[in-house]
Amino acid sequence: SRDTIENVDQTLFSMVLENLLGNAWKYSRGKIEAEISFSAMTKNGEKVYCVSDNGAGFDMHYSSKLFMPFQRLHRQSEFEGIGIGLAITQRIISRHGGRIWAQAELNKGAAFFFTLPEEK
């Protein structure tokens with residue numbers, strides 16, 4: 001079986017990584033010691049990828065808005081953007097048969113997890 005990331009549309013997948021890593025950079029840039037990571041793990045027999053940071057985070061109470069176009073969890077004056085990056089990211093991952101979700105805590109960072117089906 002080939003590596004899952006090799007089996008996706010590379011142009012679209014680069015947009016996924018640009019959006020997730022770009023958000024991690026944007027929302028952690030105010031930290032004195034910013035930490036951003038990309039990792040992969042196996043959970044319940046499934047490969048799960050994660051982009052995480054120790055930045056602004058968000059209140060999970062509003063997590064239902066994360067992947068909706070033009071929805072923002074921070075004020076425009078705090079962080080630039082129009083609120084479509086995560087909506088695009090979700091669509092790309094869904095198009096490839098995967099799923100995406102997030103965990104966060106306000107002022108303590110965020111982690112975005114996603115899966116992609118493995119080629120048999």
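The chain folds into two helices and four strands, counting helices as DSSP runs of H or I of at least four residues and strands as E runs of at least two, numbered from the N terminus. Read from the N terminus, the order is α-β-β-α-β-β. This is a predicted model, where local features need pLDDT of at least 70 and side-chain atom pairs count only at pLDDT 80 or more, while totals for chains, interfaces and linings use all residues. Residues are numbered from 1 along each chain as its sequence is written, and side-chain values use heavy atoms, with hydrogens and water left out.

How confident is the predictor? The chain averages a pLDDT of 82, and 80% of the residues score at least 70; pLDDT is the predictor's confidence in each residue, from 0 to 100.

Now for the overall packing. Of the 120 residues, 37% count as buried, where buried means under 20% relative accessible area, exposed over 50% and partly exposed in between (1.4 Å probe, protein chains only). Take the contacts (heavy atoms within 4.5 Å) with a separation of 6 or more: residues 24 or more positions apart account for 56% of them. The chain exposes about 7,500 Å², and carbon and sulfur atoms supply 51% of that; the areas come from the Shrake-Rupley method with a 1.4 Å probe, and for residues only the protein chains shown count as cover.

After α2 comes Gly 97, with a positive phi near 85°.

Further along is Arg 99, and here the charges come in. The whole structure has two salt bridges, meaning a side-chain nitrogen of Lys or Arg within 4 Å of a carboxyl oxygen of Asp or Glu. One joins the side chains of Glu 46 and Arg 99, at 2.9 Å from N to O. Glu 46 sits in strand β2 (residues 46–53) and Arg 99 in the loop between α2 and β3, so the pair ties together parts that are 53 residues apart in sequence. Glu 46 is partly exposed at 29% relative accessibility, and Arg 99 is partly exposed too, at 42%. Another salt bridge links Lys 108 and Glu 105, at 3.5 Å from N to O. Lys 108 is exposed at 59%, whereas Glu 105 is partly exposed at 44%.

A polar atom of the Asp 53 side chain does lie 2.7 Å from the backbone nitrogen of Gly 55. Beyond its neighbours within four places in sequence, Asp 53 is in contact with residues including Ala 24, Ser 28, Ile 36 and Lys 108.

Finally, a look at two loops. Asn 44 lies between β1 (36–43) and β2, and has a positive phi of about 50° although it is not a glycine; Asn 44 is exposed, at 85%. In the loop between β3 and β4 sits Asn 107, whose phi is also positive, near 65°. Asn 107 is exposed at 55%.

Key: Polar contact = N/O pair within 3.5 Å; in protein donor to acceptor, adjacent residues only side chain to side chain.
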